[in-house]
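Hi everyone, thanks for coming along.

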Amino acid sequence: MPSFLVVGATSWGLTLSHLLAHGGADVTILARTSGEADTVDRDRGLARLPGFELPADVRVRPIDAAPAGADGIVMAVPAQAFRATAGHPALSREAPVLTAAKGIEHGSLLRMSEVLAACGWPAERISALSGPNLAREIVAGLPAASTVASANETEAEMWQHTLSTSRFRVYRSTDLVGLELAGALKNVVAIAAGVAAGLGLGANALASLTTRGLAEITRLAIAEGASASTLLGLAGVGDLMATCYSPLSRNHRFGERLAAGDTAEEAMAAAGGVVEGAATAPVALALAARHGLDLPIAEQVNAVIAGERSVTEALEALLSRDLRAEG
């Protein structure tokens, strides 16, 4: 029986643990502290995913007590805490590692696979997972699909077979850049979509915003070396649609609360967890500046979060932009 470590007792970490256990793997979830491990073990994930219960044979341990000899490691921690966790000495750099985080590191502007490389994993051991994957739907047994990318197709194929179930279909890719940037940048657009939904702007406005958001993501990802086809796949437009349209998305809920008049701090608390798009917005703008690109949606989302503009002012700024050719 293969054994896997899932680092991070997040809702997505619990979901991936569920998928791995469903496929017959031996699974240990690694929490930040012994106190967190005890809490998650006691409630079996119910506090973070209401209505869900971890399989009885899934263990929960603090990261300091990580068992040795795992066949693979899944990193499911928020992007801005990723480096500190990935650098933990209890994690073997010889095991295949899969990042399931969707974000870009502040300061360094590194994708999570690049952070893993900086923490000592060889490039051929690193993979990333992304797609339209709302945790509550997956643990409820609803059908979903995702994509795993790696420079080493053998590694991608291993994760593909390990995570796939009769209800969760995994495809594979070699485009780590496109997959990771699409997963991170769509969260920014989802905040804007949540604002639009909260303001009651209608389906036309939401579709227009999502489409223009995809154009922004595509321009930046291609400038960073991504393949355009990735942006049209599950990790691109698929993930964008799910995150922009579903109230299960924390980024969407965050945007709705901003539209209702909450401050960024209040909206964050109401969203019920880490809102990756809020942290990603300024990083996206820094990446865009590196290539001389304009990201108007990300710019307005960042201005609202920073308290520099109201949602109404941000909307007016987008609508008053010069008319131009689509592209």
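**A walk through the model**

Let's start with Ser3, which lies in strand S1. When I say helix or strand, I mean DSSP runs numbered from the N terminus, with at least four residues of H or I for a helix and at least two of E for a strand. This is a predicted model, where local features need pLDDT of at least 70 and side-chain atom pairs count only at pLDDT 80 or more, while totals for chains, interfaces and linings use all residues. Residues are numbered from 1 along each chain as its sequence is written, and side-chain values use heavy atoms, with hydrogens and water left out.

Back to Ser3: is this residue buried or exposed? Ser3 is buried, with a relative accessible area of 18%. Here buried means under 20% relative accessible area, exposed means over 50%, and partly exposed is in between, using a 1.4 Å probe and protein chains only. Not counting residues up to four places away in sequence, Ser3 touches Asp26, Gly69, Ala70, Asp71 and Gly72. A contact, by the way, is heavy atoms within 4.5 Å.

Now for the sheet. Its eight strands form an open sheet with mixed pairing, in the order S3-S2-S1-S4-S5-S6-S7-S8. Two strands pair if DSSP finds at least two bridges between them. Strand S3 (59-62) and strand S8 (168-173) stand at the edges with a single partner strand each, so one side of each has no neighbour in the sheet. From one strand to the next, the twist averages 25°.

At one of them, S2 and S3 pair in the parallel sense over four bridges, and Ile29 stands opposite Val60 in S3. Which residues of S3 are on its covered face, and which on its uncovered one? Val60 and Pro62 make up the covered face, while Arg59 and Arg61 are on the uncovered one.

Helix H1 (residues 11-22) touches strand S1 (3-7), strand S2 (26-31), strand S4 (72-75), strand S6 (126-130) and S8, and its direction makes about 165° with that of S2. Helix H7 (residues 176-198) touches strand S5 (97-99), S6 and S7, and the direction of H7 makes about 40° with that of S6. For these angles, axes are lines fitted to C-alpha atoms, for helices over the stretch in contact, and the angles run from 0 to 180 degrees between N-to-C directions.

A nonpolar core is a set of buried Ala, Val, Leu, Ile, Met, Phe, Trp, Tyr and Cys residues joined through side-chain atoms within 4.5 Å. The largest one has 46 residues, and Phe254, Leu258 and Val301 have the most contacts inside it. Helices that each supply at least two residues include H7, helix H8 (203-223) and helix H13 (276-291). H7 gives the most to this core, with 13 residues. Leaving aside neighbours within four places in sequence, Val301 is in contact with Val188, Ile191, Ala192 and Ala281. Apart from this core lies another of 34 residues, among them Leu20, Val27, Val40 and Ala100.

Next, the rings. There is one aromatic pair, where pairing takes ring centres of Phe, Tyr and Trp (its six-membered ring) within 6.5 Å, and planes under 30 degrees apart count as stacked, over 60 as edge-to-face and the rest as tilted. Phe4 and Trp159 form this tilted pair, 5.5 Å centre to centre with 50° between the planes. Phe4 is in strand S1 and Trp159 in helix H6 (residues 153-163), so the pair ties together parts 155 residues apart in sequence. Phe4 is buried at 3% relative accessible area, and Trp159 is buried at 0%.

Last stop: two backbone details. Most residues other than glycine have a negative phi. Arg44, though not a glycine, has a positive phi of about 55°, and lies in the loop between helix H2 (34-43) and S3. Leu109 is not a glycine either, and has a positive phi of about 60°; Leu109 lies in the loop between S5 and helix H4 (112-118).
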